[in-house]
Amino acid sequence: MKNEDSIEKRYFFKLSSNFIKIILSIFTIGMVPRALGPANYGDFNFLNQFFNRLLNLIQLGAGSAFFTKLSKRQDEKKLIGFRIYHIFFVVILLVIISLFLNFTSLKGIILPGQSSVMISSIFIYAILNLLMVMVKNIN
């Protein structure tokens, strides 16, 4: 028989982790804009929003559907395998779109004034953020 934690213990750990996240977020909110400066921080936000919205479009809500099905059928491991393949496909498609935007004349139209280094950096950040959210939601 499994030894399950009490609800009070789980609540305390969840509350503690959220409190730590709030403190780190406050620290980050104060440091990142000052370190980047107004122009680079604006570029960061613009590109971050662009890639996040592109990811949401490419995923077509599959994340929500995955967690709904996983909560109904927790013992089915094929769902997790499917989600991993889906994320891999999304990342490959996003790489193709990013390379296409970076090395064609569309870069000047869709992402005006953005350097290739900044586009690539925020692209990697968006992918890592997607993976972090996925792992967080599975646990």
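Let me start with Ile23, which counts as partly exposed because its relative accessibility is 44%; partly exposed lies between buried, under 20% relative accessible area, and exposed, over 50%, with a 1.4 Å probe and protein chains only. This is a predicted model, where local features need pLDDT of at least 70, side-chain atom pairs count only at pLDDT 80 or more, and totals for chains, interfaces and linings use all residues. Residues are numbered from 1 along each chain as its sequence is written, and side-chain values use heavy atoms, leaving out hydrogens and water.

Ile23 sits in helix α1, residues 7-59; helices are DSSP runs of H or I, at least four residues, numbered from the N terminus. Together with Phe19, Ile20 and Leu24, Ile23 makes a nonpolar surface patch of about 420 Å².

Next, the largest pocket. Its volume is about 540 Å³. A pocket here is an open set of points on a 1 Å grid, with protein on both sides within 12 Å along at least five of seven lines, and lining residues have an atom within 4 Å of a point. The lining has 15 residues, and Ser25, Thr28, Tyr125, Asn129 and Met132 lie nearest the centre. Which helix gives the most to this lining? That is α1, with 11 residues; α5, 116-138, also supplies at least two. By class, the lining has eight nonpolar, five polar and two charged residues.

Last, Ser98, in helix α3, residues 78-102. Ser98 is buried, because its relative accessible area is 6%.

How values were computed:
Patches are made of residues with over 30% relative accessible area and no salt bridge: like charges are joined within 9 Å, nonpolar side chains (Val, Leu, Ile, Met, Phe, Trp, Tyr) within 5 Å. Accessible areas come from the Shrake-Rupley method with a 1.4 Å probe; for residues, only the protein chains shown count as cover. A salt bridge is a side-chain nitrogen of Lys or Arg within 4 Å of a carboxyl oxygen of Asp or Glu. On a 1 Å grid over the protein atoms alone, a cavity is a set of points where a 1.4 Å probe fits but cannot get out, and a pocket is an open set with protein on both sides within 12 Å along at least five of seven lines; lining residues have an atom within 4 Å of a point. Grid points are joined across faces, edges and corners, and a volume is the space filled by probe spheres set on the points. Ala, Val, Leu, Ile, Met, Phe, Trp, Tyr, Cys and Pro count as nonpolar, Asp, Glu, Lys and Arg as charged, and the others, Gly among them, as polar.
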